[in-house]
Amino acid sequence: MTVRLSRQQVLHATRAGWYLFEPPAAIAAALPLTRRTFLRVSAAGSGGLLVLVATRDLVSASAGAVADAPFQPHALIRIDVDDAVTIWASNPDMGEGTKTSLPMLVAEELDADWTRVRLENAPLDRRYGGQGVGGSDAIASAWLHHRQAGAVGRHLLVAAAAAQWGVAADVCSTSRGVVRHDASGRTATYGSLAARAAELTPPASAALKDASRFTLIGTRVPGRDVAAIVRGLPLFGLDVRKPGMQYAAVAKSPVFARRAVRVDATRAMAVPGVARVVEIAGLPNPTHLIPGVAVVADSTWTALKARDLLDIEWEPSPFADESTASLRAQAAERLSAPPEVLHNSGNVDTALASARHVVDATYECAFVAHATLEPHNCTADVRDGECWIEGPLQMPASGRQVVAAAIGLAPEKVHVMSSRIGGGFGRRLMSDYAAEAAVVSKAMGAPVQVVDSRSGDLQHDYYRPFAVQRLRAGVDAQGRVVAWDHTLATCSRNAYRLDTRPPSSTELYGSYVGRVKTVQELDPDLVPTHIPNARLRYAALSTGVPTGAWRAPSHMAIAFAVETMLDEMAAKAGRSPVDLRLDFLGDTADVPSSAEGYTYDPARMRAVIREAAERGGIGGRAAAGRGRGFASHFTFGSYCAQVAEVSVDASKRVTVHKVTAVIDCGQPVNLLGVEAQVEGGIIDALGTAFYAEVPIARGRATVANFDTYRLIRHREAPRLVEVHVMPSRRTPTGTGEIPLPPVAPAIANAIAALTGTRLRQTPFSRDGWSLA
Amino acid sequence: MANFELLVNGERRAVDVAPDTPLLWVLRDAIGLVGTKFGCGQALCGACTVHVDGRARRSCTLPVSQLGTAAVTTIEGLSRDGSHPVQRAWVEIDVPQCGWCQAGQIMSTAALLAERPDPTDAEIGTALNGNLCRCGTYTRIRRAVQRAAELTRADGRAR
Ligand code: FES
Ligand code: FES
């Protein structure tokens, strides 16, 4: 018999079963069922995913007999009798490598043969564990959970073999999908043990390997989707194609987040192929869903074209006159009388008055867009009181909640499958586009893919907050920093998302603020623990501009100010910037630094700083015409220090010859992936430092496309990026965001070393700087 | 709407679309070849790069009505099985991060190498400067282009 499936459906096919992420009606239509077909259809797990376990000849005519019951010791693992090992990739991959690194954790403990492991994308289902990615914590959160899954599987396979051979389990070993009885040399493959193992009761937990026995973790493993990516296979949200699917583009108020009060769709409806116009009401929380008007058509092109023909009057906004200049003026006012005093130790004013050198500087960081290269999109199929969502969702679980709220369904009626994500950088933490797709699909009673143009994507983002900081710092005659007065005025992400916690709680390295009792509890990079007189104050700016997390949120602006100020202090004191920093770190081990539970260890920071300084030649002489700059930062549990080597021409064009980066992220899981994150993160931060700005005028974003929102290009990338990953056996921490914060200050410090000019605002292009 | 007959990856394809529809959307929506990516729609990012009669072109600004009888090659048609030297080099160097830009990077590189089998760094820079990568894979791309050039030459010798 033949079964015709779309490419997308085939993508979810496993060897012995299909995992079709479709409504039952769509599957029934695609499958010409016959009596010879054995189908078991069940709604499995809390996600209500429809699982079809079909005979293998449905998938491949040449396959052998119908499989015996496969062995599934955990939702993440399946072992078939023919030795096929399938591991579910539980968390979406945005390019940070989770599709490879998380299954590696399972395979390591399972002792599966990695080269033969199949990977499947997992739909949202609590059996897989936490399925979000963000805050660079995917590896850290899966570290024990995924390894346990593998260890339990291995334990049962060994027990099955031992029982079969009548020997003790502890005299058997495993390697590459085979159990071996060492004394007799007998072996059994995992597949041959599957049926027997499936009858055993899984233990609640099993012993994990000692790190010294890792054979996969810590090695260089190529990305598992790479072969499909280079062939252009459909992996992404925008590649989803469903039978009968329509395309929708949503018009939104140019002055942010207003509702339509009058819609004239005459011209849009006249475009051949346009089916309907659907209004989207929005949700009370603007980070969940912003109001808009959707045009639904038979192709993306028609939808985008007709969207621009809508004539819409939007409700007025209290922020209609807002601009970057008005925000700057507001910030200047707020900085002089900031309402929140978060820390105050010693006597800052006296210390500043008596310091040998004082620097008083104001730093400004522009609004920045995420500009994920795969634009805003999602596909929804709402029918029969249920909803199927497939798209680039970084947080599938919160996506389910938002979608449920938008279309008035119970969350358990919303089924979510995250696709491979064409770039996140924080944008896909929101699920507004899933809610848009669901609202429109519900109105149409058909599958709908929502797409936005690049200009729509750039003009209706949740931007990295505009931030102005004033830092006054003083060194004494011995070259020690004795006074530190830091005041921030920023647009608060927390205020924008209607969170009741203080506005500062998203703007100062996450949620530790408010818990601060002593200076030791502050992030040690923010207020170095050994400054006797230190003050930290915060003011939120009133704004209509949507804000959200952007790769290493709040770390970017703060590291820029703090790390360039430290460099300036060192220069004033005539000291090495590295020695000055090492002074700060002190000896206090394990200072609790944030509510996320990360621990800051000054000894690890010191080691990273020393390693980078040595590898990058700090203290040595740069070649003629070149300058070096240093910066370091602690982000989400990992440590990174960098040295940038640059030259500058007469028209302020900067050549970045080399960036040397040292990272301590605990035990590296996939070394090749860690290196990729550091290389890519540095290039991202470099382009952002030089060019990224979303100017605001008349209450709206005045960027249109990559002509006005400039990204870094091939020729501008550093000639060389050297990455050193510190060897470590500690619990792994993240890498996705960690390499970014030191980049802008390291470059600014290098430019200062070379030219004496201090850069105090990002993007640097505002002051005429560009990359050569 | 109007009927067009295209030659895509060696196959004739009949489509019924508006004449101003860019080739990109004909490929993605009408034909179902979604390997060619949408990034900007205005020839500013290179994600949509395909070969038209062997030359790298941005399909997002190429109306289907202007295509005539030209032969279009997309990433899906570069090789049947991922064996093109550029694809092999990309896998070997583990270039992609998110992967969205990579079909365009590969198509631009394949067109470059077809013309310049041994490109200088400057030529690589010029050929690829219009292909943006938001994830910052540029340093690995540079290595992969050089590796692809080596593989191309080795293939030439083997033949
Ligand atoms: S989509 Fe064509 S160049 Fe960007
Ligand atoms: S790999 Fe993500 S845009 Fe290039």
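Mentor: Let's start at Gln102(B), which is buried, because its relative accessible area is 0% and the cut-off for buried is under 20%. Keep in mind that this is a predicted model. Gln102(B) sits in helix H4 of chain B, a run that covers residues 102–115. Its side chain has a polar partner: the side chain of Thr137(B), at 3.2 Å. Leaving out residues up to four places away in sequence, Gln102(B) touches Trp90(B), Val95(B), Pro96(B), Gln97(B), Cys133(B), Thr137(B) and Ile141(B) in chain B, plus Ile229(A) from across the chain boundary.

That last neighbour is a handy way into the interface. The contact between the chains draws 59 residues from chain A and 50 residues from chain B. The size of an interface is often given as the accessible area lost when the parts come together. Here chain A and chain B bury about 4,700 Å² between them, and 58% of that is on carbon and sulfur atoms.

What about the polar side of things? Between chain A and chain B there are 35 residue pairs in polar contact, counting pairs with both residues at pLDDT 80 or more. By residue type, the side of chain A that touches chain B splits into 29 nonpolar, 14 polar and 16 charged. As for salt bridges, the count between chain A and chain B is 6.

Now step back to chain A as a whole. It holds 20 helices and 33 strands. Of the 772 residues in chain A, 62% count as buried. Look at the contacts in chain A with a separation of 6 or more: 76% of them link residues 24 or more positions apart. The accessible surface of chain A comes to about 26,900 Å², with 50% of it belonging to carbon and sulfur atoms.

Last, a few backbone details to check. Most residues other than glycine have a negative phi, and most peptide bonds are trans. Ser554(A) has a positive phi of about 60° although it is not a glycine. You'll find Ser554(A) in the loop between strand S23 (533–540) and helix H16 (555–573) of chain A. At 12% relative accessibility, Ser554(A) counts as buried. Phe636(A) also has a positive phi, about 45°, without being a glycine. Its loop lies between strand S26 (627–635) and strand S27 (638–648) of chain A, and Phe636(A) is buried too, at a relative accessible area of 16%. Then there is the peptide bond between Thr762(A) and Pro763(A), which is cis, with omega at about 0°. Pro763(A) belongs to the loop between strand S32 (761–762) and strand S33 (770–771) of chain A.

Note on methods
Residues numbered from 1 in each chain as written. Chains lettered and ligands numbered in written order. Predicted model: local features only at pLDDT ≥ 70, side-chain atom pairs only at ≥ 80, totals over all residues. Heavy atoms only, no water. Contact = heavy atoms within 4.5 Å. Buried area = accessible area lost by both parts, 1.4 Å probe. Salt bridge = Lys/Arg side-chain N within 4 Å of Asp/Glu carboxyl O. Polar contact = N/O pair within 3.5 Å; in protein donor to acceptor, adjacent residues only side chain to side chain. Nonpolar A, V, L, I, M, F, W, Y, C, P; charged D, E, K, R; others polar. Helix = DSSP H or I, 4+ residues; strand = E, 2+ residues; numbered from the N terminus. Buried < 20%, exposed > 50% of the residue type's maximum accessible area, 1.4 Å probe, protein only. Areas by Shrake-Rupley, 256 points an atom, 1.4 Å probe, with all protein chains shown as cover.
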